[in-house]
Amino acid sequence: EEEQFTVEVSGNQLIDEFYIKNKDGHRDYNTKKHLTFQLGKSKTILDVKKKLMKNIKHLNALDFNLRTAVFGKVKADTYPLMRATDKENPDNNVIKLFIQIPNW
């Protein structure tokens, strides 16, 4: 079995899935959260996008962007997750990515 990364994806474009629901069931756009899942170490950004499409209802195409920093460069679909690891702490198996949906 392949070793896994924990992938945490955050967003700030008022994408419902990145905000916690309050007691009455409505989204609280002041309380953010991130989506977390496991992916094998041989996977790429495209694999992350496919996973996100299953978890974000308004995504119906792979035409959104993922970055390793909020205002960082867009990572190509072929970009290996292994390259997105924490350079200062290579034993850290958590990869943090930021989603950006054009024209959202």
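Before I start, two notes on how to read what I say. Residues are numbered from 1 along each chain as its sequence is written, and side-chain values use heavy atoms, with hydrogens and water left out. Because the model is predicted, local features need pLDDT of at least 70 and side-chain atom pairs count only at pLDDT 80 or more, while totals for chains, interfaces and linings use all residues.

Let me begin with helix H1, which spans residues 45-55; helices (H or I, at least four residues) and strands (E, at least two) are DSSP runs, numbered from the N terminus. Which residues of helix H1 are buried? They are Ile45, Val48, Lys49 and Leu52, where buried means under 20% relative accessible area, exposed means over 50%, and partly exposed lies in between, with a 1.4 Å probe and protein chains only. Seen down the axis of H1, these buried residues fall within an arc of 100°, so they line one face of the helix; the arc is that of the directions from the helix axis to the C-beta atoms. On that face they pack against E1, strand E4 (35-40), strand E5 (65-67) and strand E6 (94-100), and contact here means heavy atoms within 4.5 Å.

Now to the charged side chains. A salt bridge is a side-chain nitrogen of Lys or Arg within 4 Å of a carboxyl oxygen of Asp or Glu, and by this rule the count comes to three.

One of them joins Lys41 and Glu3, at 3.1 Å from N to O. Lys41 lies in the loop between E4 and H1, and Glu3 in the segment before E1, so the pair ties together parts that are 38 residues apart in sequence. Lys41 is itself buried, at a relative accessible area of 18%.

Another is formed by Lys96 and Glu8, with 3.5 Å from N to O. Since Lys96 belongs to strand E6 and Glu8 to strand E1, this pair ties together parts that are 88 residues apart in sequence, and Glu8 counts as buried at 16% relative accessibility.

There is also the bridge of Asp77 with Lys49, whose closest N and O atoms are 2.8 Å apart. Asp77 sits in the loop between E5 and E6 and Lys49 in helix H1, so parts 28 residues apart in sequence are tied together. Buried or partly exposed, where do the two partners stand? Asp77 is partly exposed, with a relative accessible area of 29%, whereas Lys49 counts as buried at 5%.

Glu17 deserves a separate word. Glu17 is found in the loop between strand E1 (4-10) and strand E2 (19-21), and it is buried yet has no salt bridge, the nearest side chain of opposite charge, Arg27, being 5.4 Å away; Lys and Arg count as positive and Asp and Glu as negative, while His and the chain ends are not counted. A polar atom of the Glu17 side chain does, however, lie 3.1 Å from the backbone nitrogen of Lys57. Leaving aside neighbours within four places in sequence, Glu17 is in contact with Lys33, Leu35, Asn55, Ile56 and Lys57.

I will finish with backbone angles. Leu14, in the loop between E1 and E2, has a positive phi of about 60° although it is not a glycine, and Leu14 is partly exposed at 48% relative accessible area. Asn103, placed in the segment after E6, has a phi near 60°, again a positive value in a residue other than glycine, and Asn103 is exposed, with a relative accessible area of 84%.

Note on methods. A polar contact is a pair of N or O atoms within 3.5 Å; within protein, one must be able to donate a hydrogen and the other to accept it, and residues adjacent in sequence count only if both atoms are side-chain atoms.
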